[in-house]
Each structure stands twice: as C-alpha cells, then as structure tokens.
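Please look over the structure below.

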Amino acid sequence: MSLNSAQQTAVETLSGPLLVLAGAGTGKTRVVTYRIARLIKSGIRPSRILAVTFTNKAAKEMQTRVTEVLGKQASGFRHQEIMSNAKPEPRSLKSEVRGQKFDKPEVSTFHSLCVRILRRHIDRLGYPKLFAIYDRGDQESLARQALKEIKISSAALKPGDLLAKISGWKCAAMSPDDAAAESWAAKDHLAALAYDRYQKALKTKGAVDFDDLLLKTEELFRKFPDVLQAESQRFDHLLIDEYQDTNGSQYRIMRGLALPHRNICVVGDDDQAIYGWRGAEVTHILNFRRDWPDAKIVRLESNYRSTKQIIDWANRIIVFNKHRHDKKLRAEKSGEPPRILQCKDGEAEAKTVVGQIRERLAETKRQPRDFAVLFRTNEQPRAFEMEFRQTKIPYVLIGGQSFFDRKEVRDILAYLKVALRPHDEVSLLRILNTPPRGIGQTSIQKLMETSIARGKSIWDGIKTPDIIGQISGKSRESLEQFQQLMSEFSRKLHAKFSVDTINELIDAIRYQDEINRNYTEPEERTARWESVGEIVNAAAAYIQDTDKPTLAEFLDQTSLAGPDFSAENKSELQRNAVVLMTLHAAKGLEFKEVYMVGMEEGILPHHRSVSSDNVLAVDEERRLCYVGVTRAQLRLTLTLALARMKWGELRPTIASRFLYEITGQADNPNYQKAIAQERPGETKKPQRKSKH
C-alpha cells in the first residue's frame with residue numbers, strides 16, 4: 001500500500017515541530033517507521049535520531065519495521081540491540097557512505113531512556129552510578145520496613161497499599177513533602193510519612209524504584225542545566241509515539257530534550273486518550289501548538305480498518321467531547337449497519353451474545369479468533385464465561401484473571417463446596433482459617449497429622465473428641481465453631497438452595513471485613529466486593545432458570561465441563577478462541593466482529609466518572625467507548641441489559657448516554673435522564689444482622 005497524501009506529508013516533514021494526529025486505524029505505525037527511514041535516507045545519522053514509545057514490544061516492532069523499509073541499506077543495525085549506550089559520533093559524520101554499515105537510531109521506552117541518562121549522571125544527585133533498580137518484592141520489603149519504623153500496623157496500612165499510594169504521588173511528580181502538604185486524611189498523612197522513610201531508605205541503599213526512573217531524570221534536568229544540555233545534544237531529531245498517553249514527567253523530560261534543536265515529531269490521538277487514571281494528561285497533545293507555536297499539524301483521517309457504517313458511529317459519539325482536535329475519520333469500504341441489542345437482564349445478554357457467535361461460527365467462515373467481547377469492568381465476564389463453557393466455544397480472557405480464578409471468588413466457592421462435600425479437603429484447607437478465626441498453621445498441621453494417623457479425614461478429625469482435644473484451647477474452640485457453622489449451612493443449602501442462604505453465609509463468615517482488612521484502597525475494595533456479589537448474581541440467575549435448583553448442580557455449572565479455555569491454556573485450539581477483554585486492554589487491537597456489552601449508565605460511563613468531581617471524567621469514558629467502536633473491522637454490536645442482578649435482586653438499568661449520542665437522539669428525554677442520573681455506591685450490599 002502506498003502512502004496517502006496526509007501520510008506522505010507527515011513522512012516528508014523532516015524539520016521543526018510536527019504533530020501527527022493519527023486517528024484509529026489510519027496507519028500510524030506505517031507513518032512512524034517511514035518517517036524514521038526517510039530521515040536516515042536524507043542523510044541524518046541514525047544515532048542522532050531518538051524515538052520513544054511506551055512498551056518494549058512497540059520499540060522492537062518500530063526498529064524491525066524501519067529495518068524492513070530501509071532494506072539492505074540498514075543491514076548494519078538489523079540485528080543489533082535496540083537500546084545503545086554508545087557515545088554519539090562527531091556531528092561531521094552525518095552523511096553515510098554507501099556500502100558502509102549504518103549505526104542505529106535509538107528506539108526505546110521512556111523508562112529505558114531514563115535508565116541510560118541516570119547511569120551517566122545520577123551521581124550528581126548523590127546516588128552511585130551503579131544504582132540498583134528495585135523490583136516489586138524489594139519495594140514491599142522496604143515499604144514494610146518504613147511502616148514499622150513509624151509504628152503503623154499492617155492492619156492500618158498494608159505495604160501493597162502504601163506502594164500504590166507512593167506510585168500515585170510519583171506519577172504526579174509529588175515529593176514526600178508535597179504529599180504531606182496535600183494529605184488531609186489521617187491515613188494519607190501516615191502514608192506520606194512512610195513515603196518519606198521509604199524514599200530515604202532507597203537512597204541509603206543506592207537504589208531507585210520504577211517510578212524514580214522518570215522522577216530522578218526530571219530532577220537531574222531541573223537541578224543541573226548542564227546535564228540537560230549534554231543529553232539534548234546527543235540527538236538532532238526526536239519522535240514520540242502515543243503522545244496522548246504521556247504523564248507530566250515524561251512531557252517535561254522530552255520537551256527539555258527537544259528545545260535546542262526543535263525537531264520534535266509527536267504522534268497520537270487525543271480521541272484515544274484513555275489512561276488518565278494512571279497519570280496520562282491529554283492536555284499535552286491538545287496544547288502542542290501552544291508549546292510549539294510554529295508547529296505543523298497533519299491529520300491522518302483515512303481509516304483502513306473499519307467499514308463506513310462503523311466509522312460513522314465512531315464520529316457521532318466522539319464529537320460530543322468538546323476538548324479535542326477537530327478531525328473526522330473517513331472509511332473507504334462499506335458494510336452492514338452496526339446493531340444495538342436490548343436484553344432483559346445480564347444473563348440474557350450473555351446468552352444472546354454467545355448464541356449469536358455460535359450461529360456466526362456455524363453459518364460463516366469465521367473462526368473463534370475473529371470475535372471479541374469487550375467490557376468495561378472486570379466483573380462483567382462472569383456470565384459470558386459460563387455461557388462459553390456450556391456451549392464449548394473456546395474463549396480466552398485477556399487483560400485480567402478469569403473470574404473464577406480470583407481469590408475472593410475461589411474463597412466463597414470453597415465454602416459452598418465444603419457445605420456440599422465436607423470431605424473436599426482442598427477446599428476445606430482453603431477456608432479453615434479464611435477469614436482468620438484464630439486457627440494457626442501449627443494447629444492445622446497437627447490436625448492433619450493426627451487425623452491421617454487415625455485414618456480419618458480432616459473434617460472427621462474436627463468432629464472426633466480425642467483428635468480435636470489435642471489442639472490448644474483457642475484453636476480448638478475456633479475449629480469447633482467452624483464445624484458447627486458449616487454443618488448448619490450444609491443443612492440449609494441442601495434443604496433449599498437459595499440466594500438468601502448464600503448471603504447469610506457470606507455475612508456469617510464476615511467476608512466483607514476480610515476484604516476491608518486486606519485492601520485499603522476504596523476502588524480495590526469495591527472491585528473485590530463486586531466479585532463476591534457476582535457469585536450471588538450467578539446463583540440467582542441459575543435458580544431463576546431452573547425448576548429444581550440444587551447446590552450440587554450450581555457448583556457443576558461453575559466448573560469446567562470440558563477442556564480448560566482459560567488464559568493459561570496455550571494450546572493451538574486455545575489461540576483460536578473468542579477474545580474477552582476490557583476496553584482498556586483492547587486499545588491497539590482489531591477484530592472482524594466486536595460485541596461491546598453493558599452499555600448502561602454506571603457501567604459505561606462508569607459510575608465513578610459520573611459522580612466524580614472531575615468534569616472531564618465522562619469525556620474519558622466517551623473516548624473509551626470510541627476506542628471500543630473502532631476495534632471492529634466488519635461487524636459491530638452494542639448490547640445492554642434492561643435489568644441487572646445486584647446482590648440477588650433484579651434492578652432496572654438506564655441505557656448509556658452514549659447510545660443516544662451514537663443514534664442521534666440527544667434530544668430524547670431519556671438522554672437527559674441518563675445525564676442527570678448519578679448512582680454512586682450502588683455496589684454496596686445492604687447489611688444484615690447475623691446470628692453468628
């Protein structure tokens with residue numbers, strides 16, 4: 001495929017600031033690689049070119065594609081490492097003599113670039129040049145030490161939660177003093193104190209963490225202008241991919257490097273800026289011309305991925321975002337109109353989608369890999385996984401654990417399995433002290449050894465007086481109470497398998513307290529608790545559709561009836577599978593047929609964005625919807641449920657505002673109702689009094 005006129009302009013604009021607005025499916029990677037190749041062919045020495053992107057995979061792909069474009073002329077750097085520590089050759093060697101081997105452009109991630117800069121200059125900040133980069137395990141050990149020094153218990157603030165806080169502060173380029181000044185809540189203030197201890201301990205040990213790679217580079221440039229000058233003189237041309245995803249530190253570092261020569265080319269799409277939650281700032285791409293007043297802007301608007309009908313829908317929705325560059329995608333090929341399907345509830349939604357995929361597989365030449373089911377939250381796939389398992393259609397869940405592999409899901413299912421079969425010792429050992437009830441590992445080990453010696457199961461050992469009598473007082477009492485609890489619920493669930501009994505069991509073991517104790521971040525707590533709620537929803541749906549529901553049959557349905565089609569299965573059959581993934585994980589991918597599910601207020605847009613103080617939060621949700629729509633090549637289906645289970649109760653939903661925008665019904669009264677509707681805290685389950 002030859003370059004179109006806009007692509008050609010982007011490739012041939014070789015000097016000065018350049019913003020390439022690359023819409024979805026417009027050949028961005030092709031433009032980036034051709035432009036690097038054109039710079040080299042024009043006489044720019046490859047080592048004077050710096051190209052920065054976000055992932056090692058993208059960097060390697062960029063290097064490979066440049067090599068392919070240049071052909072034999074680039075053989076000198078074809079098999080070399082992407083990232084080089086070599087010093088630049090004298091500027092007089094810009095021209096490459098034909099027949100000699102080329103050196104290579106520096107293509108790397110932001111963090112890889114910063115590592116090399118820090119290796120050269122970090123001693124100016126008091127760190128050794130051979131500094132260590134701490135991995136997650138090292139960080140947790142240091143965080144635990146910091147919490148211990150300021151006498152904060154793990155119950156008040158866990159090391160993992162502290163690291164999440166610190167990472168958030170570092171992404172916002174906040175020092176420990178900055179964090180302390182802006183922390184009003186007591187827990188945040190304690191975290192800021194621990195952050196200070198953590199950071200001092202890192203320096204004492206001559207180490208940095210992953211976030212420090214950016215922060216320390218920015219600090220170097222700010223405190224030592226000669227370092228910035230030396231680093232900026234290493235390159236004559238700078239190219240930044242996915243510019244809409246840069247955070248504050250990345251923006252300031254790259255701007256500093258580009259100022260002396262001003263040959264900066266940034267490529268991205270503000271309409272696909274969906275990572276604000278991890279520090280990315282869409283304003284960087286929106287304000288590019290403010291930073292570089294003489295910048296040339298090239299718009300890539302010819303979409304080569306999707307049909308005209310799909311692109312029309314994408315254009316209709318994104319125009320509702322006011323803070324964006326003016327552009328409009330165009331598609332050449334035509335196809336069938338996208339569809340919106342209304343389903344009576346969440347279970348019907350899953351049955352409908354999976355049923356339609358099964359029909360398409362039977363009636364067309366489509367393969368399972370041609371289909372994708374895209375969702376907003378990690379709780380949504382549960383019903384779809386069950387349907388795919390029952391229909392024996394292979395699927396893979398990308399970008400997250402299988403619903404049934406999550407700790408909280410496995411914990412609750414283990415309780416139900418023990419209620420059904422007390423001698424299921426794998427499940428029994430999982431829940432014996434989960435949530436903690438004072439049964440130590442030593443007592444469990446002694447119980448196991450004594451029961452085995454007497455030829456009994458662990459469950460029978462708990463019920464045998466001369467075995468349980470050998471366990472110390474507190475543990476023995478807790479074991480006896482556990483046995484009574486499970487015996488009672490076993491009777492109840494065998495007598496009548498009901499949602500109320502499952503909820504009563506969850507209350508009795510105080511599982512919400514377990515989640516609250518283990519996770520201090522509100523979003524993490526909510527997500528974990530919603531996963532527990534999805535088990536209740538699954539049971540409610542099963543009971544509703546079954547004449548004589550039983551615990552045994554329900555547990556059978558939650559287990560794989562055939563081969564394991566989870567993400568861990570690497571067989572050839574698995575790779576040819578329907579893809580289930582979040583909208584965030586789908587960015588950059590494409591599929592022949594896409595189903596976007598859960599098009600409802602509270603899901604997309606997510607209820608956190610609707611109730612957020614940030615007026616632009618819904619704009620990012622709209623961009624997320626736009627990204628989902630533009631993943632589809634030939635066929636697009638949006639689905640919504642008119643009602644969804646919430647803790648076993650079927651509750652009505654409100655159609656997503658985005659559906660009205662896509663279909664040109666912004667004047668519909670229901671659209672105004674959707675916009676006005678805020679539903680924070682909906683996932684909180686009503687509290688019940690427990691007998692236990």
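## A helix crossing

In this predicted model, helix α9 passes α11 in a left-handed crossing. α9 covers residues 212-223, and α11 covers residues 248-258. The two pack at an angle of about 40 degrees. Their axes are 9 Å apart. The angle makes α9 oblique to α11.

On the α9 side, Leu214, Leu215, Thr217, Glu218 and Phe221 make the contact. From α11 come Ser249, Gln250, Arg252, Ile253 and Leu257. By class, the contact of α9 with α11 has 5 nonpolar, 3 polar and 2 charged residues.

## A parallel sheet

An open sheet is built from 6 strands. Their order is β11-β16-β15-β12-β14-β13, and the pairing is parallel. β11 (339-343) and β13 (395-398) stand at the edges. Each has a single partner strand, so one side of each lacks a neighbour in the sheet. From one strand to the next, the twist averages 20 degrees.

Strand β15 (residues 591-596) runs parallel to strand β16 (residues 632-641), and 5 bridges join them. Phe591 has Ala632 of β16 as its bridge partner. Helix α30 (residues 617-629) packs on the sheet. α30 touches β12 (371-375), β15 and β16. The direction of α30 makes about 140 degrees with that of β15.

## A buried loop residue

Thr434 lies in the loop between α18 (425-431) and α19 (441-453). Is Thr434 buried or exposed? Its relative accessibility is 16%, so Thr434 counts as buried.

Beyond residues up to four places away in sequence, Thr434 touches Lys407, Asp411, Tyr415 and Glu514. Thr434 and Ile412 are 22 residues apart in sequence. In space, C-alpha to C-alpha, Thr434 and Ile412 are 9.9 Å apart.

How values were computed:
Residues numbered from 1 in each chain as written. Predicted model: local features only at pLDDT ≥ 70, side-chain atom pairs only at ≥ 80, totals over all residues. Heavy atoms only, no water. Axes fitted to C-alpha atoms, helices over the stretch in contact; angles between N-to-C directions. Helix = DSSP H or I, 4+ residues; strand = E, 2+ residues; numbered from the N terminus. Parallel < 35°, antiparallel > 145°, perpendicular 65-115°, else oblique. Left-handed = near helix turned anticlockwise from the far one by under 90°. Contact = heavy atoms within 4.5 Å. Nonpolar A, V, L, I, M, F, W, Y, C, P; charged D, E, K, R; others polar. Buried < 20%, exposed > 50% of the residue type's maximum accessible area, 1.4 Å probe, protein only. Pairing = 2+ DSSP bridges.
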